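Q: I'd like to go through this model bit by bit. Can you put it up?
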Amino acid sequence: MKLTIPDLLDLSHTLAGEYLAQFTYPWEALAGISDWVRQLGSHLDPAEYEQRAAEVWVHKTAQVAPSAYLGAVCIIGPETEVRHGAFVRGSALVGAGCVVGNSVELKNVILFDGVQVPHYNYVGDSILGYKSHMGAGSITSNVKADKKPVVIKDGSAHYETGRKKVGAALGDFADIGCNSVLNPGTIIGRHTSVYPLSSVRGAVPPDCIYKAAGSIAERQ
């Protein structure tokens, strides 16, 4: 499977397109998300974006529940809905037309336009592609039990990230079933679906249905 950013993501569907274009692989972009969001936020048009707190920018068409927490540094894009009890810890770029649902926690992430994380999701140190979706209770696990640097595994190919915290990269239109766990360093290809209650490791090809480890079917 090809794991490069162009293979997974259409950069026209995020304000981070220029930033991500500097890198080959998505995990290489994780270290600089906070600085990029800060730089981007300082240049947003105040006629479109309201600065609600220090280094917190919210588009005027976005809906943010009063009980949601928006921590610096973050940008909430146009027509996005941030629901009751959402916890945006910071270092987060949330695109246009997204849903950040109840009890969802985001940390050090880029959510492309149209992403849905609507119910009880944890998304950390991750990049979610255009119109990708995480079912209720599905999470990214971003730290290994032994606390060693995460290695991305794609069959016999191994990619050293040099980072102790790496969640997942979801290609455009990826769909993660309810109560699934994406283990540290998981890469999901474009248009791939993951069955509910799955525990996913490594790279899953595009245009597939992940049923279980060792059981992946091509989408018909």
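Q: Arg 83: how exposed is that residue?
A: Arg 83 is partly exposed, with a relative accessible area of 28%. Buried means under 20% relative accessible area, exposed means over 50%, and partly exposed is in between, using a 1.4 Å probe and protein chains only. This is a predicted model, where local features need pLDDT of at least 70, side-chain atom pairs count only at pLDDT 80 or more, and totals for chains, interfaces and linings use all residues. Residues are numbered from 1 along each chain as its sequence is written, and side-chain values use heavy atoms, with hydrogens and water left out.

Q: Where is Arg 83 found?
A: In the loop between β6 and β7. Strands here are DSSP runs of E with at least two residues, helices are runs of H or I with at least four, and both are numbered from the N terminus.

Q: And what is Arg 83 in contact with?
A: Leaving aside neighbours within four places in sequence, Arg 83 is in contact with Ala 65, Ala 68, Val 99, Val 100, Gly 101, Asn 102, Pro 118 and His 119. Contact means heavy atoms within 4.5 Å. Val 64 is 19 residues from Arg 83 in sequence, and their C-alpha atoms are 6.2 Å apart.

Q: Glu 79 next. Buried or exposed?
A: Exposed, at a relative accessible area of 57%. Glu 79 sits in the loop between β5 and β6 (81–82).

Q: Which residues does Glu 79 contact?
A: Thr 61, Ala 62, Gly 97 and Cys 98, again leaving aside neighbours within four places in sequence.

Q: What about Leu 197, buried or exposed?
A: Leu 197 is exposed, with a relative accessible area of 68%. Its place is the loop between β20 (193–194) and β21 (199–200). Not counting residues up to four places away in sequence, Leu 197 touches Cys 178, Asn 179 and Ser 180.

Q: Moving to the core. How many residues are in the largest nonpolar core?
A: 64, and those with the most contacts inside that core are Leu 106 and Val 117. A nonpolar core is a set of buried Ala, Val, Leu, Ile, Met, Phe, Trp, Tyr and Cys residues joined through side-chain atoms within 4.5 Å.

Q: What does Val 117 touch?
A: Among its contacts are Val 99, Val 100, Gly 101, Val 104 and Leu 106, with residues up to four places away in sequence not counted.

Q: Which residues of α3 are buried?
A: In α3 (residues 33–41), they are Ile 33, Ser 34, Trp 36, Val 37, Leu 40 and Gly 41. These cover an arc of only 165° around the axis, so they lie on the same side of α3. The arc is that of the directions from the helix axis to the C-beta atoms.

Q: What covers them?
A: The cover of the buried residues of α3 includes α2 (17–20), β2 (56–59), β5 (74–76), β7 (87–94) and β9 (105–111).

Q: What lines the pocket?
A: The lining of the largest pocket includes Ser 141, Lys 144, Asn 183, Pro 184 and Arg 201. It divides into five nonpolar, four polar and three charged residues. Ala, Val, Leu, Ile, Met, Phe, Trp, Tyr, Cys and Pro count as nonpolar, Asp, Glu, Lys and Arg as charged, and the others, Gly among them, as polar.

Definitions and conventions: On a 1 Å grid over the protein atoms alone, a cavity is a set of points where a 1.4 Å probe fits but cannot get out, and a pocket is an open set with protein on both sides within 12 Å along at least five of seven lines; lining residues have an atom within 4 Å of a point.
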